[in-house]
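Please look over the model below before reading the numbered points.

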Amino acid sequence: MTLFAALKPPYFSIMTSGMFAFVLAATGCQSSAESTINASAQSTNTPVTTDMSQQTLKQQALRIQRALANNDYARITKDIHPTRGVRFSMYAYVRPESDKVFSREQYAQYLQQSKIRFTWGERDGTGEPLIIPLPEYLNTWVKAKTFNDATLSINEFQKSGNSINNLNKIYQNSDVVEFYYKGSDEYSGLDWRVLRLVFDDYQGKRYLVAVITDQWTT
């Protein structure tokens, strides 16, 4: 059970209730960008070109993490892959059939429409669905501030929990920057958290294709 109870494509289908509440269902909610992934992810992925150093990759990942930590979510829009969009996965196990994937345009749009809520997945332990707007998900689930002083690694996993990590199967030719927060003495390290930023190369530039979080699970 997680220590904190509070604390992807054609287009998303939004259920309306009155004039103010919007909820996007967990199924049938992927963006057109994700259709491209499902159809050709493994055949079209290309690794980061050799002249893109690990230092450059690290700097890009740090810039994205800092922007998210400062609640400057719009700042990473141009980092999102132009054709594949960006996936958000609650835990280490990536679920292509249900994880939310946003194109650049959708990401920018839903940052502004805070009444539109999405079903991101189920909380470990309780099985309760997490249904919140995109900005709230970034703030309360990704919680990038946690990783301001984290340990970074490139294409290497520093920490794994009970949740199966299938990232290398889903993103076979991608590069991953992992931020690892080891947890606090107060909770004997059980409050450890991981943030994985996944990148693909497109027309000579590197773009973000996934934001994956992980933590202690039952």
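**Notes on the model**

1. Phe88, Phe102, Tyr110, Phe118, Trp120 and Tyr137 are joined by ring pairs into a cluster. Rings of Phe, Tyr and Trp (its six-membered ring) pair if their centres lie within 6.5 Å; planes under 30 degrees apart are stacked, over 60 edge-to-face, and the rest tilted. The whole structure holds 11 aromatic pairs.

2. This is a predicted model, in which local features need pLDDT of at least 70, side-chain atom pairs count only at pLDDT 80 or more, and totals for chains, interfaces and linings use all residues. Residues are numbered from 1 along each chain as its sequence is written, and side-chain values use heavy atoms, with hydrogens and water left out.

3. In the pair of Phe88 and Trp120, the ring centres are 6.0 Å apart and the planes stand at 90 degrees, so the pair is edge-to-face. Phe88 belongs to strand β3 (residues 86-89) and Trp120 to strand β5, so parts 32 residues apart in sequence are tied together. Strands (E, at least two residues) and helices (H or I, at least four) are DSSP runs, numbered from the N terminus. Phe88 and Trp120 are buried, where buried means under 20% relative accessible area, exposed over 50%, and partly exposed in between (1.4 Å probe, protein chains only).

4. There are five salt bridges, each a side-chain nitrogen of Lys or Arg within 4 Å of a carboxyl oxygen of Asp or Glu. One of them joins Arg63 to Asp79, with the closest N and O atoms 2.8 Å apart. Arg63 sits in helix α2 (residues 54-69) and Asp79 in the loop between α2 and β3, so the pair ties together parts 16 residues apart in sequence. Arg63 is partly exposed at 38% relative accessibility, whereas Asp79 is buried at 6%.

5. Asp200 and Arg84 form a salt bridge whose closest N and O atoms are 2.4 Å apart. This pair links strand β9 (residues 193-202), which holds Asp200, with the loop between α2 and β3, which holds Arg84, 116 residues away. Both residues are buried.

6. Strand β9 also holds Arg196, which is linked to Glu178 in strand β8 (residues 175-181), 18 residues apart.
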